[in-house]
Amino acid sequence: MPEPFSEHLEAQASIIIHPGSRYLRLGRPSDSVPHTVLHAIARKRKKGLPVYNDPFLIPQAKLDREAVQELEECRLKVSHILQSSLMSDGSRRFATPPQQIAAYNKRLQPVQEETAEPSPPWVHSDKEFIVGDEILSLHPSEEYNIHFPLVRGDLNIHKGLGGSISAVLADLETIWGHCISNVLNVPIKDLKFYRAVLLIPDIYNRDYVKKLTNLLLNGLGFGGCFVLQDHVAATFGAGLGYACVVDVGDQKTSVSCVEDAISHPATRLRIDYGGADVTQVFHWLLKKSGFPHQVNPANKLDAMLLSKLKHEFCHVNLNVCGAQEKKFTVHTPGKMPISYTIQMGDELIVAALSLFYADLLKITGPKMMHTQKPNMGDPDDPFDENYLRETSRRGGREAAEAMDVGGGDAGDGGEEDIVVDDQPLPPSQIPSSSSARNDSLAFNSNEKLLSLEQAILTSIDRCQSDEMKRKMYSSILMVGGGAKFESLGKWLQSRLLLQIPVAYRPEQIEIITRAKDMDPCMTAWKGAALMTCLEGSNELWIQQAEWNKHGVKILREKCPFIW
């Protein structure tokens with residue numbers, strides 16, 4: 001019988017968990033790619049309880065006439081930019097009129113695939129809960145409530161059924177436990193012989209990290225764990241010593257500058273848009289193009305179809321002009337598959353470019369921008385950096401008073417500087433809308449919503465030295481599944497070249513969209529897998545016994561980032 005967890009446990013007895021708003025990625029370090037599972041749970045609805053279903057796609061906002069007009073103007077602006085662009089051979093691009101494409105598509109009838117088998121039927125179930133992709137084939141009449149425990153890259157806390165912190169943590173424990181035992185085939189009772197690596201966002205909520213650590217060690221019963229920021233893991237996965245990491249996920253885009261395995265706190269920002277918002281822009285453009293198949297984004301299978309078509313069709317290749325034929329197949333449970341061959345024009349580029357023309361992303365409503373919030377302290381950890389700062393400040397004040405320094409008060413009776421993880425933020429820059437729920441400062445998007453390249457420029461501009469800024473512009477790493485469009489890196493590069501201040505312009509701007517030729521969704525997971533095998537990583541593991549004795553103090557001391 002193996003001994004319970006010890007620091008010398010081989011790396012293969014590790015499980016790497018990378019939770020996202022749409023997908024969960026998990027596996028062992030020896031796996032060439034992680035297992036990818038829909039990060040959702042369907043729970044049997046108890047009698048008398050209300051119906052609650054999280055959407056499979058971020059819903060479109062209710063738009064008034066003015067908002068629709070703004071979307072239309074932005075669409076026309078992007079279309080005109082594309083029409084005035086040149087192809088790689090120097091010739092001017094041409095476009096097929098949208099009315100012509102719409103007239104063609106509206107006349108189309110579906111074709112039944114003669115050689116195909118009927119799609120598998122709907123599934124009926126009496127299980128207490130269903131996890132992951134199985135939810136998609138669950139018959140709509142079955143009385144289950146569907147919960148996605150993460151939304152916009154954060155815990156999905158809300159006032160509805162299943163929206164409390166304890167309910168969300170219970171969902172996470174059930175989903176992760178189910179996947180560990182059914183996908184990785186590791187019995188839960190054996191987890192005391194395993195250790196977990198949990199990937200957390202670069203902008204993290206300390207209270208949530210504390211609760212998730214407890215979930216891993218005391219809920220699931222791992223022998224040990226450590227937490228790692230996803231951007232740091234991404235640089236490991238890509239084999240880079242430094243990079244400006246740009247993570248476009250399903251529902252959020254985050255940017256930070258990472259150097260020598262440290263994500264610089266002042267450079268971190270997260271914006272509430274991602275691939276799902278681009279999917280809604282794509283759906284809006286499809287409707288304008290006379291899309292012949294009736295889709296409802298609120299329907300789970302239609303939401304998945306729209307997402308699939310966006311990934312397959314959308315691109316930023318300016319050499320592709322005019323109407324292009326695109327074929328797709330619709331699978332409905334228990335029915336024969338049907339196919340359409342439609343025509344699409346520049347709409348496929350416009351949808352992908354909504355990341356650069358962010359007014360289009362207002363189709364899903366207002367957005368917030370988040371930065372790291374100061375550590376407000378934890379009653380379980382009284383001797384943290386707040387204590388050290390206060391005692392050193394008090395010492396300095398007493399020394400100043402003793403010396404009777406004239407004119408100045410060492411305490412400065414005004415507002416004290418707020419420290420964002422060791423980066424001072426003057427009171428004038430602290431927004432009044434900072435939310436207690438999130439461990440991030442939230443800025444409302446009444447100001448102009450930052451586009452992808454503006455987010456990168458903003459993050460790099462917060463680097464402390466000119467040399468650091470030049471380094472970051474020379475190495476931009478794109479990860480996540482929300483921006484996997486052909487030639488997007490070229491477009492981003494040309495946009496940045498126009499806007500980088502001359503003083504910080506490196507000899508070459510390198511934009512890495514497929515590090516080591518791997519799927520950018522998996523770069524961070526792969527980096528975490530590599531870290532478990534490093535000799536120095538032994539110091540990072542928190543053992544279950546240590547956690548139960550010291551709690552959050554041991555997390556602050558051992559986590560590989562500034563707590």
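Which side chains meet E72 and K288 in a salt bridge, and at what N to O distance? The side chains of E72 and K288 meet each other, with N and O 2.8 Å apart, a salt bridge being a side-chain nitrogen of Lys or Arg within 4 Å of a carboxyl oxygen of Asp or Glu.

## Basis of the model

This is a predicted model, in which local features need pLDDT of at least 70 and side-chain atom pairs count only at pLDDT 80 or more, while totals for chains, interfaces and linings use all residues. Residues are numbered from 1 along each chain as its sequence is written, and side-chain values use heavy atoms, with hydrogens and water left out.

E72 lies in helix α1 (residues 65–83) and K288 in helix α6 (residues 275–288), so their pair ties together parts that are 216 residues apart in sequence; helices here are DSSP runs of H or I with at least four residues, and strands are runs of E with at least two, numbered from the N terminus.

E72 counts as buried at 18% relative accessibility, whereas K288, at 36%, counts as partly exposed (buried means under 20% relative accessible area, exposed over 50%, and partly exposed in between, with a 1.4 Å probe and protein chains only).

R270 forms a salt bridge with D154, the closest N and O atoms being 3.6 Å apart. Because R270 lies in strand β15 (residues 269–271) and D154 in strand β9, this pair ties together parts 116 residues apart in sequence, and both residues are buried.

Salt bridges that share partners join E70, D359, K362 and K448 into one network.
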